[in-house]
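Open your viewer and get your selection tool ready. We will go stop by stop, with something to pick at each one.

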Amino acid sequence: MEQPRSSRILVVEDHIGLRAQIVAVLVGAGWRVEEASDGRLALQMALDEPPDVLLLDLGLPGLDGLAVCAQLRQRADRHVPVLMLTARDTLSDKGLGFAAGADDYLLKPFASEELLWRCQALARRGELGRSPVLERGPLRIDRRSGEVRCHQRVVEVSGHALRLLVALAEAWPRTVSRSELLQQLWADEPPESDALRSHLYTLRQGLGPSQSLVKTVHGVGLRLDVPT
Ligand code: CA
């Protein structure tokens, strides 16, 4: 059975102490965490690699949280669940947050448990909205059944090799670094050094004549070589 992949969250908070506290809570609960302290940079990060959840402070340098959220809604090609984090607690402030496209709202100060519950709920909702089938060029991957087809032909691939393929298909057209793949495939139990290489070999064997679809980008990582 496929293990669930760990969810990715982008934490945008300019208060260093609070950000460190939030990051520690999320990492402790198994999230893959990225951080930003500036609104403009956060928007770019969220557009480049849409996270499963965006945790967004309102008062930020560069671009404030409301503007980040509104621009993300206009420019992102998929829905990124946004949890707004703020000390502003009047009804009209909440209204502005939702009008800018927030999915949920959490007032400072908050309990770590509530932060986790809300992030998990948003990630789950985002997951439900995603199709189980990934289509990438000649590849068709059903994440639920684990069936993979390439040019309509069934490809025999399972276990870690399948998870590797799913990770690359989800990230496509981006190149995925070796360290990110290790984290996605094994979370906090790093395998022996050559495990990734051996699963990559198995995956390419399974793809047979189409094995060049999984491309090594030297010094960077792996990517699916399929036209956008
Ligand atoms: Ca702030």
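Strands here are DSSP runs of E with at least two residues, numbered from the N terminus. One thing to keep in mind as you click: this is a predicted model.

**Stop 1: Asp104.** Select Asp104, which you will find in strand 5, residues 104-107. Is Asp104 buried or exposed? Its relative accessible area is 13%, and buried means under 20%, so Asp104 is buried. Now show side chains: those of Asp104 and Arg118 are joined by a polar contact of 2.9 Å. Apart from neighbours within four places in sequence, Asp104 also contacts Val82, Leu83, Met84, Phe98 and Leu122, among others.

**Stop 2: the aromatic pair.** A search of the whole structure finds 1 aromatic pair. The ring centres of Phe98 and Tyr105 are 5.9 Å apart and the planes meet at 40 degrees, so this pair counts as tilted. Phe98 is partly exposed, at 41% relative accessible area, whereas Tyr105 is buried, at 8%.

**Stop 3: helix 6.** Next, bring in helix 6.

Stop 4: In soluble globular proteins, nonpolar side chains tend to be buried together. Select Leu139, Val148, Leu164, Leu168, Leu181, Leu203 and Leu224: of the 31 residues in the largest nonpolar core, these touch the most other members. Among the elements that each supply at least two residues of this core are strand 7 (139-142), helix 7 (178-186) and helix 8 (195-207). Which element gives the largest share of this core? That is helix 6, with 9 residues. A second, separate core has 21 residues, including Ala42, Ala46, Leu54 and Met84.

**Last stop: Leu139.** Not counting residues up to four places away in sequence, Leu139 touches Leu134, Val148, Arg149, Cys150, Leu165, Leu207, Leu213 and Leu224.

Definitions and conventions: Residues numbered from 1 in each chain as written. Predicted model: local features only at pLDDT ≥ 70, side-chain atom pairs only at ≥ 80, totals over all residues. Heavy atoms only, no water. Phe/Tyr/Trp six-rings, centres within 6.5 Å; stacked < 30°, edge-to-face > 60°. Buried < 20%, exposed > 50% of the residue type's maximum accessible area, 1.4 Å probe, protein only. Core = buried A, V, L, I, M, F, W, Y, C linked by side-chain atoms within 4.5 Å. Helix = DSSP H or I, 4+ residues; strand = E, 2+ residues; numbered from the N terminus. Contact = heavy atoms within 4.5 Å. Polar contact = N/O pair within 3.5 Å; in protein donor to acceptor, adjacent residues only side chain to side chain.
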